[in-house]
Amino acid sequence: MRFHLHHLRHRHFKTLIRHFSTKYSGRVIQETSNGKTFSVTIETPNIQRDIRGYPIPRHDLICKITKILQSSSPAISPSSKLITDPFLQVSDYLQTLNLTLTPSEASEILKSLKTPQKALEFFKFCSDEIPGFKHDCFTYNRILTILSKSNSMEIVKAVVDEMEKCGIKGNISTVNILIGIFDGVLELEKCVGLVKKWGLLFNCYTYKCLLQAYLRCNEVSKAFHIYIEMRRKGYVLDIFAYNMLLDALAKDDKAEQASKVFADMKRKHCEPDGYTYTIMIRMNGKIGKAEECLSLFQDMVTKGCSPNLIAYNTMIQALARNHMVDKMVFLFSKMVEKGCQPNEFTYSVILDGLAAEGQLVRLDEVVEMSKKYMHKGIYSYLVKTLSKSGHASEAHRLFCNMWNSNDGGDRDAYMSMLESLCHSGKTAEALDLLNKIHEKGIMIDTVMYNMVFSALGKLKQISQIHDLYEHMKINGPSPDIFTYNILLAGYGRAGGVDDAVKLFEEMENGDCRPDIITYNSLINCLGKNGDLDEAHMKFKEMQEKGLNPDVVTYSTLIECFGKKNRVEMALTLFHEMLAESCYPNIVTYNILLDCLEKCGKRSEALELYAKLKQQGLTPDTITYAVLDRLQSKSHKTVRIRRQSPISGWVFCPIG
């Protein structure tokens, strides 16, 4: 091949100076008289090959091209002011030296590129721009492996389609790569189809890849079928694949198949590890085989697998499920002795187990044996759990233990204990806790006070409400709108009208303005304690201040007027309610129906019931109790037909 020197010089000004990656030999053929031009013959290098006949990759060439491609994206060259493209540089470089690439060299370059996008661009460049280059199975395997990290299934499928279109058969490694990439049964079936299409044979790794792929798709039955086929051909899984299969079978309630795989595993000299035993213990505990769980746990310890927290928790849970409380507590003691620190799940399982067997008294024993691991977080969790599950006495006992054992405090635990005491009506203990909580560094807030006020109000303990409210005003924190509303509701329940009015006036003169709930509470207090006119005045005042009465406001007043036999006023309020687009609920209708029935206004009651139906409300037991009373007082037959799946509720008087 001949080149003229002036051509080489002209190219030198357009491109960067290159350091050739391969050595070449040449000889002078002719020299002109002026000495400016001459011709040389460049001999094509002899590419060395390995013993199998494959070309040995030229590492200098690979490094040079990789360096070019790993440079920045197309940019303006400072020297030439021309746009330089790495791929154009590679093409120019290969053309200058009259070189091509072998598939193995292309594969090595692909391996060195940092991003899947750059690798895919180079892969396409090789087949489109390098004369005589043709991808083989190995370069396809390389690009598929790189693309597997990009999570772009469409690109992978396009590459496979191109591979088949070019008539290139993959090898079993190609199939293994695709199985690892694809998700979904249909895609996996296509991979199996490629094995047949390309005339390949499954190897052990292919079976393992396919089994794990089916497990990723939650196709446990198909995975087990693959396992049986592997077993028939004498292939063995590794510990990771065995555990993955066992875990899937156990979660899918295939206990018999899991036991079979576990037995095969031991026969094939694949020693189970701690995770394997944990899977089997969990499965057997779930199906009630407690003795089998104990045997597996003992076998695990004997084989030198030290149980971790998960293994202990799993075994404790199995014993708790099977009502073996003594063994559960004993195992917990061994767990602590071995220095394995329990977590919240451990205590929750033990709590459930003790509660189910009526032995919560043994919780003190459990806490005592794990005292070195007890901290305020665990105490808090236990107190909250016991409180929420209705075991107030046990929660309080444990809370006292926490109080005496820790310098600091956990606000959540104290809030849970306070809530539990209030809910169970132990207001004396709640007040005592509220007064002492600051000793543990917990700041008392309005929420805590409101919780106790609510409990005192429900029990109508007015004097305690007075004392606590005065203490709150002196020592803080300041009452909020919820505090006032809770206090008003408590005064109303206990008949403390004067206290309610005084508190309302305090609100009006202070920074916390009354809202709808405040007015509702005061109206309820006034109306149900006989001061109907004052209640109605507050209703009018509420409207004047721009607060729109809600369904609770109207229902409260209707009930109060109804109980005083002032039916006309109750009906007037009901019609006003409708006119204001405040739609009554079933409670409102029940209140007014009851009022009309007691006053003997049967026709008005039936008319009201018809409106109830028109509004699409469903009568409840109170509605039917009123209707039953109407029927018993009537001289006419009243037929009440219960709910029909088609027509709904029907009330029909018959003349």
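Contact here means heavy atoms within 4.5 Å. The model is predicted.

**Helix α10**

By that criterion, the cover over the buried residues of α10 includes α8 (172-181), α9 (185-197), α11 (220-232) and α12 (239-251). Helix α10 itself runs over residues 204-216 and spans 19 Å from first to last C-alpha, close to the 18 Å expected at 1.5 Å a residue. Ten of its 13 residues are buried, so the helix is largely enclosed by the rest of the structure. Among them are T206, Y207, K208 and C209. Just after the helix, N218 has a positive phi of about 60°.

**Salt bridges**

The structure contains 32 salt bridges. Three of them are tabulated here.

| Pair | N to O distance |
|---|---|
| R216 and D183 | 3.7 Å |
| R362 and D326 | 2.6 Å |
| K601 and E568 | 4.0 Å |

K601 sits in the loop between α32 (586-598) and α33 (602-614), and E568 in helix α31 (residues 567-579), 33 residues apart. K601 is partly exposed at 25% relative accessible area, whereas E568 is exposed at 53%. A separate set of salt bridges with shared partners joins E508, K538, E541 and K545 into one network.

In the R362 pair, R362 is buried with a relative accessible area of 18%, while D326 is exposed at 54%. R216 is partly exposed, at 40%.

**T518**

T518 belongs to helix α28 (residues 516-528). T518 is buried, with a relative accessible area of 0%. Leaving out residues up to four places away in sequence, T518 touches I481, N485, L488, F504 and M507.

Notes: Residues numbered from 1 in each chain as written. Predicted model: local features only at pLDDT ≥ 70, side-chain atom pairs only at ≥ 80, totals over all residues. Heavy atoms only, no water. Helix = DSSP H or I, 4+ residues; strand = E, 2+ residues; numbered from the N terminus. Expected span 1.5 Å × (residues − 1). Buried < 20%, exposed > 50% of the residue type's maximum accessible area, 1.4 Å probe, protein only. Salt bridge = Lys/Arg side-chain N within 4 Å of Asp/Glu carboxyl O.
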